[in-house]
Amino acid sequence: MVNPILDNDNLKTFIMSLGISSEQEKFLLDELPRMDEAERLEMLNALKDVYILNEEKKQAVAKLQADWK
Amino acid sequence: MAKRSTAEKVREPEAAAETVEMSPFHGQEIETVGTLTETLVETTKIDKKSMDVIDGLLASDTEKAYQNFALTWFKNNEASMRKEGRVIPAGASDGWKISMVLGSKEKGGMGAMADINKKEYAGIRDGLDKQGVLRTDMHKEQVPPETPFLLLNYLQSSIEDAKRDLTQLRAETRQGDSNAATMADSKEKHIKELYSVAKTMAERAMGEDLTAASKKNLEEQWAREGLASKEEFIGMKLNEEAAKVEKNKNEEIIDKEWKEYMSLSAEKRKNYQRSVGLDLEMTREAFDEAMRGENYTKEGADKAYENGNRSRFRDAIVAKGCREFAIDPPAFYAMLEKGYKPHEKVKYKWFFVDEPKYIIPVKGGGSKEILSKGKAEFVQNILGDRTKKNEAEAKAKLEKFWDSEYSQKINEGVEKRIKELASSPFLAEGGIEKLYQKAKERIVQEYVAGYKAREPKTKEQLDRVEKIFAEKGEKKDVNEFFAATLFRKGRLENMGEDFDEDDRVEMGGFLRAWGIKADRRNTMEITPEEYKKARKTKTGIFGLVMRVIENSLKPKAGKAVRKSK
């Protein structure tokens with residue numbers, strides 16, 4: 001049984017939600033079906049940082065909007 | 001919460017501890033990853049010069065805000081203070097009012113500082129808070145990504161204020177206020193300083209070279225409008241400008257000649273006029289008519305020269321020179337410039353030659369002797385030299401004009417762009433987006449580089465992978481999984497130092513809630529020891545949570561992750 005978050009469709013949706021460059025997105029989506037579980041986990045770990053950056057960006061923008069004169 | 005034995009404690013791989021590099025972000029639930037920090041520090045770090053200018057600006061604005069509070073408070077409370085019998089001198093200065101409002105009660109002041117927290121002063125207080133936050137953030141080792149944009153926004157607002165002050169000071173200067181003139185110069189210097197910092201800030205934050213961009217825009221605009229290039233402009237204007245240069249020089253030469261003429265004695269001036277053969281000065285009647293109330297002194301003659309006699313003097317000596325050498329006025333001016341004295345007779349030498357020699361005084365003393373037959377060539381040469389010199393001067397002037405106009409337009413473009421960036425939260429958001437995009441792509445790039453460096457899978461391996469992931473699994477939102485992980489980390493952090501044996505965090509339930517069947521042989525628990533240790537590490541609690549999750553998700557022993565090359 002595969003961990004559901006490592007599933008093709010779930011990871012595909014996740015990759016597409018990150019807002020990375022289309023070239024990088026295409027590469028990851030193309031490679032995804034060929035990745036084994038360990039590789040998917042490794043990719044998820046790298047993309048987790050991108051997820052955090054997206055969250056951090058939201059906070060930076062919120063602060064910008066609040067303090068803009 | 002399930003209890004587990006010591007033997008089942010988390011087995012963390014060494015490498016995993018370094019996977020996530022984090023530091024606290026705004027003390028909130030999200031932490032910054034190392035790659036972002038590295039990328040952003042390059043762009044958001046504020047240089048010392050800019051920092052000094054902004055520090056000075058914020059300190060000055062903070063002082064003004066407190067003064068504003070004191071004066072507003074005084075205005076709001078003046079009537080009640082009088083009613084209470086407090087003596088307020090007639091025409092009390094702002095300085096007196098500020099000291100009185102902010103001064104301690106022990107020293108006879110009102111000690112009203114605490115009132116700044118009242119709602120009627122909320123605007124002033126908010127301004128002070130924002131200044132405080134900006135100052136704190138810009139001094140941080142890792143400057144928050146929004147700070148340069150907020151500083152730019154603040155600077156632009158200060159520039160606009162300073163420009164308004166400058167307009168006012170210039171108006172006062174025109175009315176003869178010398179103090180205002182000094183203040184205006186100082187204000188102008190201050191505005192330039194603020195612009196320079198704003199430019200640095202905008203360029204770093206947006207990753208743009210504003211000067212290069214303005215130059216490109218200007219050249220594109222001029223190309224669209226069919227405006228000439230620098231070379232074409234100079235080519236078009238050269239003759240016109242050279243004629244202007246020549247005309248100005250001619251006037252200077254004539255004015256200089258007039259000064260020399262007026263420096264002569266009355267007797268010598270008469271001789272000069274005789275040699276020219278024409279009147280060089282106004283007749284007394286004409287002078288009296290033109291210069292009513294003036295005596296015909298040297299000063300009076302100079303005034304007459306400025307008021308109509310210049311043309312008489314010029315025409316007379318030019319006519320004489322042209323006649324003497326049988327040349328046109330341009331050639332004659334060239335000779336005048338070379339040193340020819342209209343009142344000095346051309347000498348002739350008849351010795352040993354059968355034709356006269358012209359002996360022409362030249363600038364810097366001495367004279368030039370030329371044979372009659374060489375006269376035309378001589379004149380042609382000095383005229384040619386003069387024309388070349390005038391053209392070179394005209395070209396230099398046009399180049400200077402072009403460069404000055406060009407750089408003015410470039411500066412205007414830069415200022416316009418700074419204003420756009422500093423006034424539009426939309427553009428600032430775009431700038432932040434760009435910074436994060438760069439950091440995000442860098443993370444993916446590093447990952448992809450590692451991935452690509454591996455050996456390709458064999459067909460058997462690929463078939464196996466395809467088989468494993470062939471069936472559709474349960475639909476899960478990975479974003480939500482991470483959000484929940486971060487939330488869990490936040491809850492763990494809130495436990496602070498009180499985390500003890502009873503607070504062991506079992507992650508298995510959390511993972512199972514996400515449909516993740518973690519390997520039972522891996523522990524899914526956070527112990528007090530690990531928790532306390534993690535709090536002291538750079539990766540912090542989030543790192544710990546992620547490591548436990550990663551560990552739990554790891555394939556069973558025997559299914560080793562293929563190493564990169």
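Angles between axes count as roughly parallel under 35 degrees, roughly antiparallel over 145, roughly perpendicular from 65 to 115, and oblique for the rest. This is a predicted model, in which local features need pLDDT of at least 70, side-chain atom pairs count only at pLDDT 80 or more, and totals for chains, interfaces and linings use all residues. Residues are numbered from 1 along each chain as its sequence is written, while chains are lettered from A and ligands numbered from 1 in the order in which they are written.

**Chains and elements**

- Helices (H or I, at least four residues) and strands (E, at least two) are DSSP runs, numbered from the N terminus.
- Chain A has three helices and zero strands.
- Read from the N terminus, chain A runs α-α-α.
- Chain B holds 20 helices and six strands.
- A residue is buried if 20 or more other C-beta atoms lie within 10 Å of its own, exposed if 12 or fewer, and partly exposed in between; the C-beta atoms are placed from the backbone.
- Of the 69 residues in chain A, 42% are buried.
- Of the 565 residues in chain B, 25% are buried.
- Two residues are in contact if their C-beta atoms, placed from the backbone, lie within 7 Å.
- In chain B, 64% of the contacts between residues at least 6 apart in sequence join residues at least 24 apart.

- Two packed helices are described by the angle between their axes and the distance between the axes.
- Axes are lines fitted to C-alpha atoms, for helices over the stretch in contact, and angles run from 0 to 180 degrees between N-to-C directions.
- Helix α13 (residues 329-338) of chain B packs on helix α14 (residues 375-423) of chain B at about 85°, with the axes 9 Å apart.
- α13(B) and α14(B) are therefore roughly perpendicular to each other.
- On the α13(B) side, the contact uses B:Pro330, B:Ala331, B:Ala334, B:Met335, B:Glu337 and B:Lys338. On the α14(B) side, it uses B:Val379, B:Ile382, B:Leu383 and B:Arg386.
- The residues of this contact are seven nonpolar, no polar and three charged. Here Ala, Val, Leu, Ile, Met, Phe, Trp, Tyr, Cys and Pro count as nonpolar, Asp, Glu, Lys and Arg as charged, and the others, Gly among them, as polar.
- The axes of helix α12 (residues 298-325) of chain B and α13(B) come within 9 Å and cross at roughly 100°.
- α12(B) and α13(B) are therefore also roughly perpendicular to each other.
- B:Val318, B:Gly321, B:Cys322 and B:Phe325 of α12(B) meet B:Pro329, B:Phe332 and B:Met335 of α13(B).
- That contact divides into six nonpolar residues, one polar and no charged.

**Nonpolar cores**

- A nonpolar core is a set of buried Ala, Val, Leu, Ile, Met, Phe, Trp, Tyr and Cys residues joined through C-beta atoms within 7 Å.
- The largest nonpolar core has 52 residues. B:Leu151, B:Leu152, B:Leu155, B:Ala198, B:Met201 and B:Ala202 touch the most other members.
- Helix α3 (residues 37-67) of chain A gives the largest share of this core, nine residues.
- Beyond its neighbours within four places in sequence, B:Ala198 is in contact with B:Leu152, B:Leu155, B:Gln156, B:Ile159, B:Ile418 and B:Ala422.
- Another core lies apart, with twelve residues, among them B:Ile254, B:Tyr261, B:Phe313 and B:Ile317.

- Helix α8 (residues 210-224) of chain B has 15 residues. From first C-alpha to last, α8(B) reaches 21 Å, close to the 21 Å expected at 1.5 Å a residue. The expected span is 1.5 Å times one less than the number of residues.
- B:Gly226 follows α8(B), and its phi is positive, near 70°.

**Single residues**

- B:Glu120 lies in the loop between α4 (94-102) and α5 (122-138) of chain B. B:Glu120 is exposed, with 11 other C-beta atoms within 10 Å. Its C-alpha is 9.4 Å from that of B:Trp73, 47 residues apart along the chain.
- B:Gly132 sits in helix α5 of chain B. B:Gly132 is exposed, with 12 other C-beta atoms within 10 Å.
- B:Arg170 is in helix α6 (residues 147-174) of chain B. B:Arg170 counts as partly exposed, with 14 C-beta neighbours inside 10 Å.
- B:Ala396 belongs to helix α14 of chain B. B:Ala396 is partly exposed, with 13 other C-beta atoms within 10 Å.
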